[in-house]
Amino acid sequence: MGDYRKMWQDLGLDMESHDQLLEVLPPTYHDVYLTQENRPQVMEYFDFVVNEIHGLRIEELQQHKSAGGKVIGTFCVFVPEEIIRAAGGICIGLCSGIEIGAGEAEKVLPRNICPLIKSFMGFKLAKVCPYFESSDMVVGETTCDGKKKAFEILNDYVPVHVMETPHMKKDQDRKLWEEEVKDFARHIEGFTGNSISAVSLAQSVRESNDKRRALKRLSELRKRDPVVISGKDCLLIEQIAMYDDVARFTSKVNELCDELEKRLESGVGIFPAGTPRVIVTGTPMAIPNWKVPHIIESSGAVMVAEEMCTGMRYFENEVSEQGTDIDSIINNVAERYLGTNCAVFTPNTGRMERLTELVKEYRADGVIHCALSFCNPYAVEANRVEQVLRQQGIPLLKIETGYDQEDAGQLKTRVEAFVEMIKE
Ligand code: SF4
Ligand code: SF4
């Protein structure tokens with residue numbers, strides 16, 4: 001990585017804490033990613049993006065801001081990125097996948113709150129995230145109670161716009177959500193000073209759909225045995241999708257798929273044929289939360305799909321490209337996002353149906369349900385997942401864990417036992 005110290009100082013980062021963060025990431029990345037054998041060559045691009053995570057991309061954001069553009073941070077795949085880009089903004093998914101600034105966060109939050117919320121508050125209060133410090137505004141949502149209330153506090157430190165996300169999918173919820181998306185579009189227009197036209201919105205819908213199609217193409221390639229790419233690499237790509245430049249990212253994912261298709265033709269896999277295949281579901285795994293995937297893939301199994309927001313839910317549904325007037329395009333956007341099977345919905349039968357379909361489509365031998373500690377929506381919904389999978393005879397392992405490594409040994413023992421069981 002180049003020398004970006006002046007840029008970080010100008011952004012107001014706490015240089016000492018930031019240095020500590022940068023010391024932690026490279027060795028972890030090396031152990032989790034760079035020790036994998038026979039990785040596709042195009043993964044070099046994604047390695048480069050991670051290596052430059054606080055460098056080049058931040059520089060791009062500063063250039064965008066210098067030219068009068070806005071950077072808008074988000075925390076949830078419910079926030080329509082198309083709207084932000086249609087108004088000339090850059091949408092950045094803020095990560096929150098590492099325990100940092102917990103002491104600062106606990107000054108304003110209770111101790112026992114999910115690590116994701118504690119992480120984003122810690123990032124902001126400890127001033128260690130150049131993406132956060134580049135964000136002119138943050139968009140929150142009312143998905144879960146913890147986040148909803150935390151956004152009130154976050155608003156003391158950065159302007160926050162909160163979208164009211166419905167918790168059911170009835171007609172009145174659809175109407176509410178459509179109105180929220182329209183209100184969001186107006187808010188973004190006011191904030192950026194740029195109006196959103198049917199043309200600019202249709203264009204950003206196409207770009208996001210292209211990104212989704214590229215990720216879907218990658219996902220389809222994972223159905224084959226032997227698998228041509230590790231689940232850890234796919235998760236990394238899904239995490240990078242949240243903050244990389246859309247057109248560049250899409251083109252690189254397609255390039256990777258071209259390479260993987262050649263591997264398929266020659267029968268080259270990254271794990272031996274017959275390796276036990278698992279689907280991971282649950283709370284999203286924000287970058288750099290790779291703990292459980294690393295344990296799975298170093299315990300003799302391969303992750304073939306992620307039924308999560310850092311996974312299939314991010315790219316499965318496309319926005320309809322029918323409709324040419326602004327109202328119908330906005331309604332298409334709203335409709336697409338309401339198809340997200342987040343555990344905050346009640347009931348959330350769509351998630352159960354999709355999960356069992358995925359097990360068949362990806363020929364999975366079992367499912368690992370992973371909830372973050374204190375994440376009530378996913379921890380409670382694990383019961384429904386268990387019930388549905390049991391009825392269908394699909395093996396399930398339920399895990400609850402945080403961002404620390406204290407339970408890594410114990411988790412590995414449990415995952416290894418599960419892998420042995422599904423092998424039989
Ligand atoms: S799990 Fe729910 S709250 Fe979390 S990113 Fe997904 S949609 Fe948003
Ligand atoms: S849905 Fe779960 S992980 Fe996400 S913010 Fe809420 S409690 Fe935390």
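Cys-375 sits in the loop between strand E7 (366–372) and helix H18 (376–391); helices (H or I, at least four residues) and strands (E, at least two) are DSSP runs numbered from the N terminus. This is a predicted model, in which local features need pLDDT of at least 70, side-chain atom pairs count only at pLDDT 80 or more, and totals for chains, interfaces and linings use all residues. Residues are numbered from 1 along each chain as its sequence is written, while chains are lettered from A and ligands numbered from 1 in the order in which they are written.

Is Cys-375 buried or exposed? Cys-375 counts as buried because it has 24 C-beta neighbours inside 10 Å; the cut-offs are 20 or more other C-beta atoms within 10 Å for buried, 12 or fewer for exposed, and partly exposed in between, with C-beta atoms placed from the backbone. Beyond its neighbours within four places in sequence, Cys-375 is in contact with Cys-114 and Thr-283 (C-beta atoms, placed from the backbone, within 7 Å).

Let's move on to the strands. Strand E6 (residues 302–307) is largely enclosed by the rest of the structure, because six of its six residues are buried. Strand E5 (residues 277–282) runs parallel to E6 and is joined to it by five bridges (strands pair if DSSP finds at least two bridges between them). One of the pairings links Val-278 to Met-303 in E6.

Helix H12 (residues 231–240) is mostly covered too, with 10 of its 10 residues buried.

Notes: Two residues are in contact if their C-beta atoms, placed from the backbone, lie within 7 Å.
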